[in-house]
Amino acid sequence: MENNFLKVGKIVNTHGIKGEVKVVRITDFEQRFEPGSTLWIQPNEQGDLLKVVVDAHRTHKQFDLLHFEEMNNINDVEKYKGSLLVIKKDQLDDNLEENEFYYHEIINCMVFTMEKEPIGQVKEILSPGANDVWVVKSNKGKDILIPYIASVVKHVDIDKKEIIIEPMEGLIEL
């Protein structure tokens with residue numbers, strides 16, 4: 001099941017009493033949550049997927065607030081707290097711009113310096129504001145935060161699962 005679906009968010013709570021859910025976004029594509037979008041709720045790793053259609057979307061603080069068709073009461077959505085929101089892989093848009101990547105393409109890539117010194121593996125992507133930040137589990141066990149900006153990330157090879165960076169001063173403790 002997991003091979004055919006990609007995570008786009010996590011339902012962390014309900015919001016109000018009219019069936020809205022509070023979602024932490026795992027995607028950087030705004031259109032994923034537009035009204036009319038089809039998503040699947042994955043209650044647990046082995047659970048059956050529930051197909052839902054977004055009929056309202058807004059942002060509140062750092063969260064996306066979603067409302068699904070035919071779920072008009074807090075009791076309809078409360079059971080999905082902690083569930084993942086996923087899409088089918090065939091819902092991906094192949095029209096990415098140059099130097100744009102899907103999160104699932106970057107996660108698990110190995111990171112090297114320009115001198116081919118191994119740094120670690122990308123384990124997570126954060127979207128705090130102006131640019132994404134790639135969380136790299138270093139070979140020394142510590143997490144390193146790599147800003148996805150042109151002056152740091154020099155080359156990404158999705159096929160080889162390799163990323164070449166030019167670390168800023170103080171970015172990596174060697």
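Predicted model: local features only at pLDDT ≥ 70, side-chain atom pairs only at ≥ 80, totals over all residues.
Residues are numbered from 1 along each chain as its sequence is written, and side-chain values use heavy atoms, with hydrogens and water left out.

Reader: Which element of the chain has the highest mean pLDDT?
Author: pLDDT is the predictor's confidence in each residue, from 0 to 100. The chain has a mean pLDDT of 86, and 91% of its residues reach 70 or more. Helices (H or I, at least four residues) and strands (E, at least two) are DSSP runs, numbered from the N terminus. Among these elements, helix 2 (residues 103-106) has the lowest mean, 82, whereas the highest, 95, belongs to helix 1 (residues 74-77).

Reader: In what order do the six strands close into a barrel?
Author: Two strands pair if DSSP finds at least two bridges between them. In the barrel the pairing is antiparallel, and the order is 1-2-5-4-3-6. Neighbouring strands of this sheet are turned against each other, direction ignored, by an average of 50°; the angles run from 0 to 180 degrees between N-to-C directions, on axes that are lines fitted to C-alpha atoms, for helices over the stretch in contact.

Reader: Which residue of strand 5 is the bridge partner of Val23?
Author: Strand 2 (residues 20-25) runs antiparallel to strand 5 and is joined to it by three bridges. Within this pairing, Val23 has as its partner Asp64.

Reader: Which residue in the turn between strand 4 and strand 5 has a positive phi?
Author: Strand 4 (residues 50-60) is joined to strand 5 by six antiparallel bridges, with Arg58 opposite Leu65. The two strands form a hairpin with two residues between them. The positive phi, about 55°, belongs to Lys61.

Reader: Why is strand 5 largely enclosed by the rest of the structure?
Author: In a regular strand the side chains alternate between the two faces of the sheet. Phe63, Leu65 and His67 on one side of strand 5, and Asp64, Leu66 and Phe68 on the other, are all buried, that is, under 20% relative accessible area, against over 50% for exposed and in between for partly exposed (1.4 Å probe, protein chains only). Strand 5 (residues 63-68) is therefore largely enclosed, the buried count being six of the six residues.

Reader: Is Glu70 buried or exposed?
Author: Glu70 lies in the loop between strand 5 and helix 1. At a relative accessible area of 72%, Glu70 is exposed.

Reader: Which strands stand at the edges of the open sheet?
Author: Six strands form this sheet in the order 10-9-8-7-12-11, with mixed pairing. Each edge strand has a single partner strand, so one side of each is left without a neighbour in the sheet; these are strand 10 (143-147) and strand 11 (153-157).

Reader: Which residue stands opposite Trp134 in strand 10?
Author: Strand 9 (residues 133-138) and strand 10 run antiparallel and are joined by five bridges. In strand 10, the residue opposite Trp134 is Ile146.

Reader: How many residues lie between strand 11 and strand 12 in their hairpin?
Author: Four bridges join strand 11 to strand 12 (residues 162-165) in an antiparallel arrangement, and Val156 stands opposite Ile163. In the turn, Lys161 has a positive phi of about 60°. The number of residues between the two strands is four.
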